[in-house]
Amino acid sequence: MTDIKSLNLQELTAELAQFDVQKFRSHQIYKWLHCNGVFSFDEMSNISKEFRAQLEKEYYIPHCIIEEKYESQLDDTVKYLFRLYDGEYVESVVMKYKYGYTICVSSQVGCKMGCNFCASTLAGFKRNLLPAEIESQIHAAQKDLGIRISHIVMMGIGEPLDNYDNVIKFLSLVNDKDGLYISLRDVTISTCGVVPRIYDLMDEGLPVTLTVSLHAPNDDIRSDMMPVNNKWGVDTLISACKEYANRTSRRVSFEYTLIKGVNDNRQCALELAAKLKGYLFHVNLIPVNDVAERGNVRSDDEDIRKFQQILKSRGINATIRRTLGKDINASCGQLRRKRNEGDSNENCC
């Protein structure tokens, strides 16, 4: 059966031509799928039962079923474990800000990248998500919470640029005026440093925000933390980011997870500042998440502040990320791993 929800309107119109229906039917179905986010053909009330039955024989609608839901008592953050059509799991997090709601979505089932501070890779990589499956995380959360999500960050499970074609298709679908109509300026794509795809993204000319998981100022430290650095080193990665900022006139953000005794000392801060100075860059400092299997220790608050001040004193815009959903372990990867290991969590809603 064909995934009907990953088709854009032009593709859907061409696909449905075999049924000898009027073209406006394609537009109706497209809006049901992408604006309304329906999970079944039965929900398409202005489509005849006969045609719906035909569609159901030929197509399926990828969607996300809420398997577990956690609501923070601290800041209104909501975390979801979604089950997919093949029984695999992904996670999403909805965060409330003054400007509205942001969702952090997953782009793959698992992750290949093997970063030693991240839980997403622990349960192994299974497959890429379809464009419809990425979009359906938004639809499922909106329906459950009764809200409109206005911002997207692709920082959930998986490496978005490792699922490049499906991610680009997803962006075109969510930006469509007949769909969710979310501005691409309100979309952030995070990468651990897949350099060739950063150049490809430049060529797309999309006004998305690029965030790069850097986490170290040099190859010696970063290669121990992130295997991807063995292929594309720090200088190669930063060079690509400089060109991205110059060509797109969009600020590039660097994620820098601070781990006690590893990458949080004065020398690291000075080296990082020297490599980033003079460009449209921002550094987001992140106290490391508590992942039991990793054994990383969070930097002291004072050391985090000192690191920030060194960067700022040398002209680098640096902020310390506010931890959201701390009481529900809102960082991605942990729920999927526990579910795959057969653990249930009695604290879920």
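Guide: Let's start with Y279, which is partly exposed, with a relative accessible area of 35%. Keep in mind that this is a predicted model.

Visitor: Why is Y279 called partly exposed?
Guide: Buried means under 20% and exposed means over 50%. Y279 has 35%, so partly exposed is the label for Y279.

Visitor: And what makes F281 buried or exposed?
Guide: The relative accessible area of F281 is 6%. The cut-off for buried is under 20%, so F281 counts as buried.

Visitor: How many aromatic pairs are there?
Guide: The count comes to eight aromatic pairs. One of them joins Y80 and F82, with 5.2 Å from centre to centre and 10° between the planes.

Visitor: Why is the pair of Y80 and F82 called stacked?
Guide: Ring centres must lie within 6.5 Å to pair, and planes under 30 degrees apart count as stacked. With 5.2 Å and 10°, Y80 and F82 pass on both counts, so the pair is stacked. Y80 and F82 are also both buried.

Visitor: What makes Y279 and F281 a stacked pair?
Guide: Here the centres are 5.7 Å apart and the planes 20° apart. The limits are 6.5 Å and 30 degrees, so Y279 and F281 are stacked as well.

Visitor: Which residues form an aromatic cluster?
Guide: F19, F51 and Y59 form one.

Visitor: Where is Y30, and how do you know whether Y30 is buried or exposed?
Guide: Y30 is in helix 2, residues 23-34. Its relative accessible area is 1%, and buried means under 20%, so Y30 is buried.

Visitor: What does Y30 touch?
Guide: Leaving out residues up to four places away in sequence, Y30 touches several residues, including L7, L12, C35, L173 and D178. L9 is among them too. Y30 and L9 are 21 residues apart along the chain, with 6.4 Å between their C-alpha atoms.

Visitor: Stepping back, how do you know whether the radius of gyration agrees with a compact globule?
Guide: With 349 residues, a compact globule would have a radius of gyration near 20 Å, and the protein has 21 Å, which agrees. Its C-alpha atoms fill a box of roughly 70 × 50 × 35 Å along the principal axes.

Visitor: How many helices and strands does the protein have, and what share of its residues is buried?
Guide: There are 11 helices and 14 strands, and 53% of the 349 residues count as buried.

How values were computed:
Residues are numbered from 1 along each chain as its sequence is written. This is a predicted model: local features need pLDDT of at least 70, side-chain atom pairs count only at pLDDT 80 or more; totals for chains, interfaces and linings use all residues. Side-chain values use heavy atoms; hydrogens and water are left out. Helices (H or I, at least four residues) and strands (E, at least two) are DSSP runs, numbered from the N terminus. The radius of gyration is taken over C-alpha atoms; the globule rule is 2.2 Å times the number of residues to the power 0.38. Buried means under 20% relative accessible area, exposed over 50%, partly exposed in between (1.4 Å probe, protein chains only). Rings of Phe, Tyr and Trp (its six-membered ring) pair if their centres lie within 6.5 Å; planes under 30 degrees apart count as stacked, over 60 as edge-to-face and the rest as tilted. Contact means heavy atoms within 4.5 Å.
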